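Please prepare a briefing on the fold and local geometry of the protein shown below, with the cut-offs behind each term stated once.

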Amino acid sequence: MTIMSRSSSLALVLLCLYNLSFLEAINGGFSVEMIHRDSSRSPFFRPTETRFQRVANAMRRSINRANHLNQSFVFPNSPKTTVISALGEYLMSYSVGTPSLQVFGIVDTGSDIIWLQCQPCKKCYKQITPIFDSSKSKTYKTLPCPSNTCQSVQGTSCSSRKNCLYSIDYADGSHSQGDLSVETLTLGSTSGSPVQFPGTVIGCGRDNAIGFEEKNSGIVGLGRGPVSLITQLSPSTGGKFSYCLVPGLSTASSKLNFGDAAVVSGHGTVSTPLFSQNGQVFYFLTLEAFSVGRNRIEFGSPRSGGKGNIIIDSVTPDKLDASVPVITAHFRGADVTLNAINTFVQVADDVVCFALQPTETGAVFGNLAQQNLLVGYDLQKNTVSFKHTDCTKQ
């Protein structure tokens with residue numbers, strides 16, 4: 001995790017891995033169940049690991065995430081953006097093609113495209129599921145270069161056959177190159193009926209390298225951008241999504257909500273403006289200060305004329321509920337209190353650490369700080385809302 005900043009920014013980066021596997025229709029919206037990567041329900045659960053080994057692994061991923069974010073900030077005078085790797089934040093189980101093939105993709109709020117490894121493949125890394133063979137799907141179709149979709153995606157070019165090619169390079173050395181295409185994506189449903197999304201724009205990766213420990217199929221981008229999952233679902237969801245993350249050691253599942261099911265309202269809800277910067281895929285907020293008890297520490301000067309000095313992101317290690325001072329994050333128009341589970345981690349039987357990491361540039365409000373908060377994004381109103389909630393009961 002990372003938290004707070006004075007003259008230099010401190011990234012609030014917390015790393016976790018959830019498996020997003022089930023879809024549920026609720027009041028005109030839908031919800032995806034999220035399972036913590038260290039849960040026994042996770043496909044990557046390692047029963048031989050101790051609790052503290054899991055904490056150590058989570059903190060290592062957190063440090064890596066902070067380093068990648070710091071390398072990836074683009075300031076207003078920069079001509080282009082660099083996509084950063086999620087390094088194992090969330091796993092999403094979905095199916096692709098007709099007939100469908102189940103794959104697992106890393107859900108990345110810092111990426112703006114859905115891509116997966118495809119056969120025939122020039123260079124593919126080893127993954128835990130079979131690699132999707134686009135030639136065997138009845139619904140797969142490459143996009144031509146002159147198409148508006150091809151021209152709207154950064155990093156595209158034309159093949160000798162005039163097909164649209166995409167290329168993405170990540171800060172950790174990962175990359176994917178291949179065909180920008182349309183295909184049918186299918187999500188499982190808690191009602192037992194699968195939900196299909198035909199004509200979804202994806203990247204069919206023919207040359208890929210990825211730095212994650214678990215060899216997943218690729219990336220599911222939730223950031224800004226014309227072909228991210230969020231943007232492609234916007235016509236039916238109104239640009240709304242929310243999540244409620246349970247404490248890491250809980251056996252309950254978390255939820256990622258879309259559409260009407262994602263509205264955060266009622267007593268205790270606070271909202272702050274959401275900003276974009278220079279075409280970047282990240283979600284930016286304005287953090288004005290932190291308070292520890294009655295002591296207030298100003299956060300420093302926001303970039304871009306006073307708007308957007310911290311990224312809101314999703315990552316989390318295990319932690320301990322202890323008797324410690326309450327810390328308040330003062331966002332523009334929204335004061336969010338952070339309890340012990342949001343700010344401390346237990347790393348050994350008798351050792352509890354304040355989860356703080358300094359960084360030279362940028363800051364990230366990660367999801368250790370967001371646990372037991374219902375956090376809702378409204379991309380039409382450009383707001384993020386917070387509400388203290390027992391997420392195990394959602």
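Which residue in E21 does His 330 stand opposite? His 330 stands opposite Asp 335 in E21, where E denotes a strand, a DSSP run of at least two residues, numbered from the N terminus, as helices (H or I, at least four residues) also are. The model is predicted, so local features need pLDDT of at least 70 and side-chain atom pairs count only at pLDDT 80 or more, while totals for chains, interfaces and linings use all residues. Residues are numbered from 1 along each chain as its sequence is written, and side-chain values use heavy atoms, with hydrogens and water left out.

**Overall make-up**

- The secondary structure of the chain comes to five helices and 26 strands.
- Of the 394 residues, 57% count as buried, a term that means under 20% relative accessible area, with exposed set at over 50% and partly exposed in between (1.4 Å probe, protein chains only).
- Among contacts with a separation of 6 or more, 67% are between residues 24 or more positions apart, a contact being heavy atoms within 4.5 Å.
- The chain exposes about 15,900 Å², of which carbon and sulfur atoms supply 51%; the areas come from the Shrake-Rupley method with a 1.4 Å probe, and for residues only the protein chains shown count as cover.

**The sheet that contains E21**

- Four strands form an open antiparallel sheet in the order E18-E17-E20-E21, where two strands pair if DSSP finds at least two bridges between them.
- Strand E18 (295-298) and strand E21 (334-338) are the edge strands, each of which pairs on one side only.
- Strand E20 (residues 327-331) pairs with E21 in the antiparallel sense over five bridges, and Ala 329 stands opposite Val 336 in E21.
- The hairpin of E20 and E21 has two residues between the strands, and Gly 333 takes a positive phi near 80 degrees there.
- In a regular strand the side chains alternate between the two faces of the sheet; in E21, Ala 334, Val 336 and Leu 338 make up the covered face, whereas Asp 335 and Thr 337 make up the uncovered one.

**Nonpolar cores**

- The largest nonpolar core has 49 residues, of which Tyr 94, Ile 312, Phe 331, Phe 365, Tyr 377 and Phe 386 touch the most other members; such a core is a set of buried Ala, Val, Leu, Ile, Met, Phe, Trp, Tyr and Cys residues joined through side-chain atoms within 4.5 Å.
- This core draws at least three residues from each of domain 1 (21-255) and domain 2 (262-388), with the domain bounds coming from an automatic or database domain assignment.
- Leaving aside residues up to four places away in sequence, Tyr 377 touches several residues, including Phe 241, Tyr 243, Leu 274, Tyr 283 and Ile 312.
- A second, separate core of 19 residues includes Cys 164, Val 182, Val 201 and Val 227.

**Backbone exceptions**

- Most residues other than glycine have a negative phi, and most peptide bonds are trans.
- Asn 372 has a positive phi near 60 degrees in the loop between strand E24 (364-365) and strand E25 (373-378), and Asn 372 counts as buried because its relative accessibility is 18%.
- Asn 382 has a positive phi near 55 degrees in the loop between E25 and strand E26 (383-388), and Asn 382 counts as partly exposed because its relative accessibility is 32%.
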